Amino acid sequence: MKSFDYVRAASLDQAVAAAAEPGSVYLAAGTNLLDLMKAGAARPDRLVDITHLPELDRIEHLSDGSVRIGALVRNSTLAYDRDFAGAYPAVAEALLSGASAQLRNAATVGGNLMQRTRCAYFYDPASACNKRMPGSGCDARAGENRLHAVLGWSEACIATHPSDFCVPLVALDAVVEVTGRSGKREIALEAFYRLPGEAPDRENELEPGDLITAVRLPAEARSFAAHARYLKLRERTSYAFAIVSAAAALRLEDGAIRQARLALGGVAAKPWRTRAAEAILIGAKPRAEIFQKAAHAALAEAKPSGDNRFKIDLARKILVRALAEAASGTPSRVPALPGSPFSSVPGALHDA
Ligand SMILES: Cc1cc2nc3c(=O)[nH]c(=O)nc-3n(C[C@H](O)[C@H](O)[C@H](O)COP(=O)(O)OP(=O)(O)OC[C@H]3O[C@@H](n4cnc5c(N)ncnc54)[C@H](O)[C@@H]3O)c2cc1C
Ligand code: SF4
């Protein structure tokens, strides 16, 4: 591992000033960053440790009905917060479907949003990778690419975003709070990530020094609590990233769908909100045919980027299943296998 400087930031201003220097990067729990450094895929000159910053580890239920989640809240803490899990069950389920218990106990909210792609060529400094080294090419295009993107990809990069948490967040209109050199600002999560285009190394809207301080869910996000699911297909039932995943949240009135929120994971360089599919559902009765129609609309623009045509059909199927499960009602407790299509086994439930 290359040697680097270490700064433990004691205030937001100090953190932002230190991280704005070229070659600097924030360190939260380090569960992704340190792996990348050990592999030689990240070579920062300076780590700015934010774990001692005050007040970023709070979950605040605000008087306007929204919830503000500090960037240093641990993934497990959030998923097991009873008020949070009750109001945003699909988000809790997505969190608990990710990584292992040990990793979730360490990983932070900000770090989960900012984790890097799991493309194996990105992790391997001997491979050509436009994301790691702009202009070097993309070994994934002709390489091992069965898990790569089917939506929004470019010839320069076909990687996917690996986060589970971000999928229901984008469906529920989450907003990212950022503090940078020019003060505070807010960015809708849907607009936060960039598609690769010609510059896959530029993954999001953050500028040098910008620190995520919190993620906010608006009051309206609570109104989907009775009919919300997150489902994830993976190569093992636990401790694996998504091949594809889906968040579905519905508001039902008088037997019809009044509001629908849908997003897919594992299909693109960002969590993929599917507004065309949402529009198809509104006003309809929650039936298999309408779920199929919505799923076809969600994947209408999809095309394989390699050996991954199967992901298109798989993404349709997981979306149909997530919609059916959401329509039948959120389970009263988080399933023992969160996010798994096998979790509907009666009696297998976590106390969250
Ligand atoms: C074996 C393994 C399996 C995993 N499986 C899953 C999975 O199934 N699903 C899933 O979603 N995730 C999974 N993860 C990823 C895990 O969730 C992330 O590693 C974790 O969320 C990163 O959080 P962290 O606090 O450790 O971030 P760090 O590793 O400290 O940081 C990650 C990145 O975020 C930046 N950063 C951190 N905080 C901020 C901030 N507040 N503002 C700006 N930038 C910031 C850092 O500079 C760095 O670039 C897995 C990880 C491992 C190692
Ligand atoms: S898909 Fe993207 S991350 Fe993977 S090798 Fe190509 S450029 Fe790099």
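1. Tyrosine 193 counts as buried because its relative accessibility is 5%. Phenylalanine 192 counts as buried too, at 0% relative accessibility.

2. Some ground rules. This is a predicted model, in which local features need pLDDT of at least 70, side-chain atom pairs count only at pLDDT 80 or more, and totals for chains, interfaces and linings use all residues. Residues are numbered from 1 along each chain as its sequence is written, chains are lettered from A and ligands numbered from 1 in the order in which they are written, and side-chain values use heavy atoms, with hydrogens and water left out.

3. Aromatic pairs. Rings of Phe, Tyr and Trp (its six-membered ring) pair if their centres lie within 6.5 Å; planes under 30 degrees apart count as stacked, over 60 as edge-to-face and the rest as tilted. The count by this rule is 3 aromatic pairs. One of them joins phenylalanine 122 to tyrosine 123, edge-to-face, with 6.1 Å between centres and 80° between planes. Phenylalanine 122 and tyrosine 123 are both buried. Phenylalanine 192 and tyrosine 193 also form an edge-to-face pair, at 5.0 Å centre to centre and 85° between the planes.

4. Charges over rings. A charge sits over a ring if NZ of Lys or CZ of Arg is within 6 Å of the ring centre and within 35 degrees of the ring normal. Lysine 303 lies over the face of tryptophan 153, 4.6 Å from the ring centre. Arginine 251 places its charged end over the ring of phenylalanine 224, 5.5 Å from the centre.

5. Salt bridges. Side chains of opposite charge can pair when their charged atoms come close. Here a salt bridge is a side-chain nitrogen of Lys or Arg within 4 Å of a carboxyl oxygen of Asp or Glu. That rule gives 26 salt bridges. Glutamate 155 bridges to arginine 141, with the closest N and O atoms 3.0 Å apart. This pair links distant parts of the chain, 14 residues apart, both in the loop between helix H8 (120-123) and helix H9 (166-171). Helices (H or I, at least four residues) and strands (E, at least two) are DSSP runs, numbered from the N terminus. Glutamate 155 is exposed because its relative accessibility is 56%. Arginine 141 is partly exposed, at 27%.

6. A buried bridge. Lysine 232 and aspartate 164 meet in a salt bridge of 2.7 Å, N to O. Lysine 232 is in strand E9 (residues 228-233) and aspartate 164 is in the loop between H8 and H9, 68 residues apart. Both lysine 232 and aspartate 164 are buried.

7. Glutamate 325 meets arginine 321 in a salt bridge (3.7 Å, N to O). Both residues lie in helix H13 (residues 310-328), 4 residues apart, about one turn of the helix. Glutamate 325 counts as buried at 11% relative accessibility, while arginine 321 is partly exposed at 38%. Elsewhere, Asp173, Glu190, Glu220, Arg251, Arg261, Arg273, Arg275 and Glu278 are joined into one network by salt bridges that share partners.

8. Cavities. On a 1 Å grid over the protein atoms alone, a cavity is a set of points where a 1.4 Å probe fits but cannot get out, and a pocket is an open set with protein on both sides within 12 Å along at least five of seven lines; lining residues have an atom within 4 Å of a point. Grid points are joined across faces, edges and corners, and a volume is the space filled by probe spheres set on the points. The structure holds 4 cavities of 30 Å³ or more. The largest cavity has a volume of about 140 Å³. Its lining has 18 residues, and Lys131, His161, Tyr193, Glu203 and Ala269 lie nearest its centre. The second largest cavity has a volume of about 80 Å³. Of its 15 lining residues, Cys119, Cys129, Cys138, Ala140 and Cys157 lie nearest the centre.

9. Positive phi. Most residues other than glycine have a negative phi. Glutamate 55 has a positive phi of about 70°. Aspartate 173 has a positive phi near 65°, and is found in the loop between H9 and strand E6 (175-180).

Terms used: Buried means under 20% relative accessible area, exposed over 50%, partly exposed in between (1.4 Å probe, protein chains only).
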